[in-house]
Amino acid sequence: MIISEPSNPWLAGVGSLFTREAFALAFARLNPGGVMCQWVQTYSMTQEQGAWVIRTFAEVFPHLAAWHAGENDVLLVGASQDLRIPLARLRERLAQPRVHDALARVHLDTEAEFLAALLARDAALVQTSGAVRAPVHTDDNLLLEFAAPRALWMRESFVRTLRSGDP
């Protein structure tokens, strides 16, 4: 598992951690069955900028999911294999004391709460986010690096967009 929790992309230099090249480096280092988790702070990020991140992530990871990870935060999870969790496996994991206790700290310790945090996955995520039409964020264009500071004081909610399914 690779977990990336950089600071906000509006800080100088951080946008490069959301590029196709950065995601490709992580993907290349995953073991078979491994997953990448990318924290995205979506406050002060426009819906368009959120779509750039998802489109770029989807360029590298054949399977992806977005999870609600706080009021305005999204956790993107990417892998080379399907990310679906069989319900029996979820129940088994939630019954394990360490897993249950860790998830209880973030109020995701029941099946309903855990599953409700899933915003979208795979093609539905790309479509819902508006990423189908979005450009890919690369080391050569650094779209997010230069656009994110301009959105610093905006009040759009990218999480709300994913929940509503209206890009």
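Strands β3 (residues 63-68) and β4 run antiparallel to each other and pair over six bridges, where pairing needs at least two DSSP bridges between two strands. This is a predicted model, in which local features need pLDDT of at least 70, side-chain atom pairs count only at pLDDT 80 or more, and totals for chains, interfaces and linings use all residues. Residues are numbered from 1 along each chain as its sequence is written, and side-chain values use heavy atoms, with hydrogens and water left out.

**Around strand β4**
- Strands here are DSSP runs of E with at least two residues, and helices are runs of H or I with at least four, numbered from the N terminus.
- Four residues separate β3 and β4 in a hairpin, and Gly 70 in its turn has a positive phi of about 135°.
- β4 also pairs with β2 (residues 35-41), in the antiparallel sense over seven bridges, with Cys 37 opposite Val 77 in β4.
- Strand β4 (residues 73-79) is largely enclosed by the rest of the structure, because six of its seven residues are buried (under 20% relative accessible area with a 1.4 Å probe, protein chains only).

**The largest pocket**
- Met 1, Trp 67, Leu 75, Val 77 and Phe 114 lie nearest the centre of the largest pocket, among 31 lining residues.
- Elements that each supply at least two residues of this lining include β2, β3, β4 and α3 (87-94).

Definitions and conventions:
Buried < 20%, exposed > 50% of the residue type's maximum accessible area, 1.4 Å probe, protein only. 1 Å grid on protein atoms, 1.4 Å probe; cavity = no way out; pocket = protein on both sides within 12 Å on 5 of 7 lines; lining within 4 Å.
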